[in-house]
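Take a walk through the model shown here. Keep the sequence beside the coordinates as you read.

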Amino acid sequence: MSRRGPNPAQAGRRWRRPAALLLSAGLLAFTAAVPADFVPFVRPAGWPKPAYELRRNPQTPAGFALGRALFYDPILSRDYSTSCASCHSPATAFTHADHRTSHGVEGRIGRRNAPTLQNLAWTPAFHWDGGVNNLEVQAVNPLTHPSEMDFTLDGALARLRAAPAYRARFAQAFGDSAVTGQRLLKALAQFTVSLQSYNSRYDQVMRHEPGAAFSEPELQGLALFRQHCASCHQEPLFTTNGFANNGLAPDPYLRDPGRAGITLQPADSFQFRIPTLRNIEFSGPYMHDGRFRTLGQVLRHYTAGGIRASATLAPQLRQPPAFTAAEQRALLLFLFTLTDKQFLQDPRLNYVPEAAAAPAAGP
Ligand code: HEC
Ligand code: HEC
């Protein structure tokens with residue numbers, strides 16, 4: 001993995017008043033100064049109540065910075081090859097660009113496309129099948145999964161305990177240098193809960209910010225979107241966080257039953273979690289198996305003819321819309337307004353710690 005962007009830890013001595021920062025997003029929260037490289041979680045005005053209880057894992061700048069260091073550090077994988085960021089990279093809203101399904105240690109190929117990581121505090125159930133219901137616990141899954149990081153929690157903790165820099169970071173974050181599994185998971189969550197996108201042009205228009213407006217085709221796209229897509233991809237998160245079968249033919253190789261693999265209910269067959277569409281311009285390939293390379297292909301799927309009928313097909317898609325080429329273009333232009341450059345290029349979320357630059361020879 002290569003070193004990306006400026007190292008905010010080194011720039012972190014500068015302190016900024018957060019008021020200017022947050023006011024620019026139309027939000028007011030803190031009065032105390034925060035370090036320039038800390039991204040505190042915020043609840044944007046008008047958004048629903050988050051599912052994640054942040055008060056049980058209160059963020060601190062040091063906890064966030066530790067979580068970020070861990071997220072970008074391949075020390076958490078058995079062979080020091082793979083970090084969380086290997087599959088969740090910032091420029092693509094924290095998904096695995098160009099990979100149909102994810103690749104882990106020794107190039108092992110996973111079963112599913114890595115989802116974007118955005119606005120996770122609102123997600124009540126994670127993964128394409130909703131099989132994990134807690135953000136903190138979720139991280140155990142990639143850490144131990146044979147085709148992801150293929151390691152053990154104890155193995156990772158032993159390495160971190162042997163690294164003086166990490167012991168110091170744990171002490172800064174939690175008051176003493178004990179490196180425990182719970183602290184590791186809490187620190188990771190303090191970082192991932194701050195992967196928030198709410199500053200796309202769509203958001204600016206919705207907040208009536210000066211100069212922010214939709215073009216005529218974008219407005220047409222929004223109207224089509226609200227009519228045909230928003231029942232599942234509901235604003236402002238662009239997902240209801242529910243599950244649905246959107247008419248993909250089952251992949252003959254992956255044979256992924258989706259939600260039914262968790263609930264064992266035939267009624268849930270081929271239902272998958274409805275993904276957010278924020279930053280969709282950059283998060284391809286698309287769907288749980290990454291079958292579509294472009295958004296054009298996705299829109300052709302949703303246009304009459306692409307959708308495969310089956311017993312569990314969502315009722316809304318039983319009479320699929322017949323979008324004209326101009327309507328598909330309008331939808332596409334609307335989807336592009338969900339791109340949030342501020343989030344995709346935020347240097348505070350994009351960081352390669354020292355330990356990743358020079359991995360120690362490990363067990
Ligand atoms: C080898 C690639 C890979 C690595 C490494 C990886 N992930 Fe993932 N991640 C995935 C895939 C694939 C999924 C979807 C799994 C599924 O649906 O079964 C996922 C899902 C997630 C989710 C749930 C997102 C959602 O909306 O459902 C979170 C959170 C997450 N990963 C965080 C992490 C963290 C933290 C790490 C490092 C400890 C990590 N991932 C390492 C590939 C990876
Ligand atoms: C009945 C609910 C439903 C409706 C209506 C719906 N979708 Fe989806 N959408 C889903 C589900 C579920 C998935 C994930 C399916 C999978 O991977 O198996 C999805 C996936 C997508 C993806 C891929 C996202 C990613 O990160 O891979 C895009 C893009 C998308 N939908 C756009 C649209 C558009 C545009 C419309 C309207 C024309 C629409 N959807 C209507 C449920 C729906």
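How many of the eleven residues of helix α3 (residues 61-71) are buried? The answer is nine, and the helix is mostly covered. Bear in mind that this is a predicted model.

Next, look at what α3 packs against. Its axis comes within 7 Å of the axis of helix α8 (residues 164-174). The two axes cross at roughly 145 degrees. The crossing of α3 past α8 is left-handed. On the α3 side, the contact is made by A62, G63, A65, L66, A69 and L70. On the α8 side, Y166, R169, F170, Q172, A173 and F174 make the contact.

Which protein residue donates to the iron atom of ligand 1? H88 does, through NE2, at 2.1 Å. H88 is the single donor from the protein. This histidine sits in the loop between α4 (84-87) and α5 (135-138).

A database record points to another place. In an unreviewed UniProt entry, the annotation "binding site" covers C229, C232 and H233. Two of these can be followed in more detail. C232 lies in the loop between α11 (216-228) and β3 (243-244). H233 lies in the loop between α11 and β3 too.

Is C232 buried or exposed? Its relative accessibility is 16%, so C232 counts as buried, the cut-off being under 20%. H233 has a relative accessible area of 9%, and therefore is buried as well.

Their surroundings can be listed, leaving aside residues up to four places away in sequence. C232 touches T239, T240, I274 and Q316. H233 touches F225, F238, T239, I274, P275, L277 and Y302.

Finish with a contrasting position. A309 is in the loop between α13 (295-302) and α14 (325-336). Why is A309 classed as exposed? Its relative accessible area is 69%, and exposed means over 50%, so A309 qualifies. A309 and N246 are 63 residues apart in sequence. In space, their C-alpha atoms are 9.3 Å apart.

Technical notes. Residues numbered from 1 in each chain as written. Chains lettered and ligands numbered in written order. Predicted model: local features only at pLDDT ≥ 70, side-chain atom pairs only at ≥ 80, totals over all residues. Heavy atoms only, no water. Donors = N, O, S within 2.8 Å, 3.2 Å for Na, K, Ca; no water. Helix = DSSP H or I, 4+ residues; strand = E, 2+ residues; numbered from the N terminus. UniProt positions renumbered as here; feature names shortened; annotations may be inferred. Buried < 20%, exposed > 50% of the residue type's maximum accessible area, 1.4 Å probe, protein only. Contact = heavy atoms within 4.5 Å. Axes fitted to C-alpha atoms, helices over the stretch in contact; angles between N-to-C directions. Left-handed = near helix turned anticlockwise from the far one by under 90°.
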